[in-house]
Amino acid sequence: MSEFLQQLINGVTLGCVYALIALGYTMVYGILRLINFAHGDVYMLGAFFALYAARWTGVAAKPSPLGALAVLLVAMAGCGLVGLIIERGAYKPVRKSSRLSALITAIGVSLLLENGGRLVFGADPKFFPQIIPASEFSLGGGVTISNQQILILVVSLTLMIGLRFIVLHTRVGKAMRAVSHSHVAAAMMGISVDRIITFTFVLGSMLAAAAGVLVALQSPKIEPYMGIMPGLKAFVAAVVGGIGNVPGAVLGGLVMGIAEVMVVGYLSPTYRDAIAFVLLIVILLVRPAGILGKATAEKV
């Protein structure tokens, strides 16, 4: 039982990271019906922005909770700007083109960020500084939790609650929901569709940046291609929960994280990446709309 509880804690922690990335996928899809395949690379940029922010501000040499918070906010702001540039420079010009054109553009942006990151940051892995001193707490029965895991849980939960508040209780959130239903109807009601789409990209990119920083705290080895597999897994998590559904993205991320950790702990690390695609196949066969998704009829 103690081993199971330990794996469960590890799985929930990892699932929170996947959920933060999956929220970006699901929000963009809900607004544009577009899969932003560059989203995993924004997660990578978040880790690198935090690395250089920690070095420039001196937090790497003198760790502190306030310094770590500042580094997190800088990384989120930087990736928010990247999200704005990606949407305005790459996706907006092809918004009225076919879905295939938008999909190819998304793949192209992803490759640009990966190889651009390799040129700018270098191909060799970098090691993220311990901006928060590591420590562990015993929960009894041989079960432990680190302060880094606690930080991941607290920050993830705070950001998820903040996102829910924005979507449900603010004017921009109401506008986001209106645009997700119909661009034309939203525009007729006086909503600036372009601004809402840009805001959605910025918000999703900031969540991905937070995930990148949190992962770097726990696994300090970062490199330009680190966003490929987490990005794919988070996309699968969004599909499993119900693509376009915000609570579904959170649920899918948790399911993905717990399943991955349990497979590693009880079967073999060899199947760590395979479980994501097994879950995807099972969900598509059993419930194509996802766990919380709703099937919609298409007019022909």
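Q: Which residues lie nearest the centre of the largest pocket, and how many residues line this pocket?
A: In this predicted model, the largest pocket is lined by 34 residues, and those nearest its centre are G30, R33, I243, G244 and N245. The pocket has a volume of about 1,200 Å³.

Q: Which element gives the most to the lining of the largest pocket?
A: Helix α5 gives the most, with seven residues, while the elements that give two or more residues are α1, α5, α6 and α10.

Q: Why is α5 called roughly antiparallel to α8?
A: Helix α5, residues 147-169, packs against helix α8, residues 193-218, at an angle of about 170°, with their axes 9 Å apart. Because angles over 145 degrees count as roughly antiparallel, α5 is described as roughly antiparallel to α8.

Q: What makes up the contact of α5 with α8, by class of residue?
A: The contact divides into 12 nonpolar, four polar and no charged residues. Among those that meet are L151, I152 and V155 in α5, and F199, L203 and L207 in α8.

Q: What is the volume of the second largest pocket, and which residues are the closest to its centre?
A: The second largest pocket has a volume of about 620 Å³, and of the 25 residues that line this pocket, L14, Y18, V215, S219 and R272 are the closest to its centre. The largest share of the lining, six residues, comes from α1, and by class the lining has 13 nonpolar, six polar and six charged residues.

Technical notes: Residues are numbered from 1 along each chain as its sequence is written. This is a predicted model: local features need pLDDT of at least 70, side-chain atom pairs count only at pLDDT 80 or more; totals for chains, interfaces and linings use all residues. Side-chain values use heavy atoms; hydrogens and water are left out. Axes are lines fitted to C-alpha atoms, for helices over the stretch in contact, and angles run from 0 to 180 degrees between N-to-C directions. Helices (H or I, at least four residues) and strands (E, at least two) are DSSP runs, numbered from the N terminus. Angles under 35 degrees count as roughly parallel, over 145 as roughly antiparallel, 65 to 115 as roughly perpendicular and the rest as oblique. Contact means heavy atoms within 4.5 Å. Ala, Val, Leu, Ile, Met, Phe, Trp, Tyr, Cys and Pro count as nonpolar, Asp, Glu, Lys and Arg as charged, and the others, Gly among them, as polar. On a 1 Å grid over the protein atoms alone, a cavity is a set of points where a 1.4 Å probe fits but cannot get out, and a pocket is an open set with protein on both sides within 12 Å along at least five of seven lines; lining residues have an atom within 4 Å of a point. Grid points are joined across faces, edges and corners, and a volume is the space filled by probe spheres set on the points.
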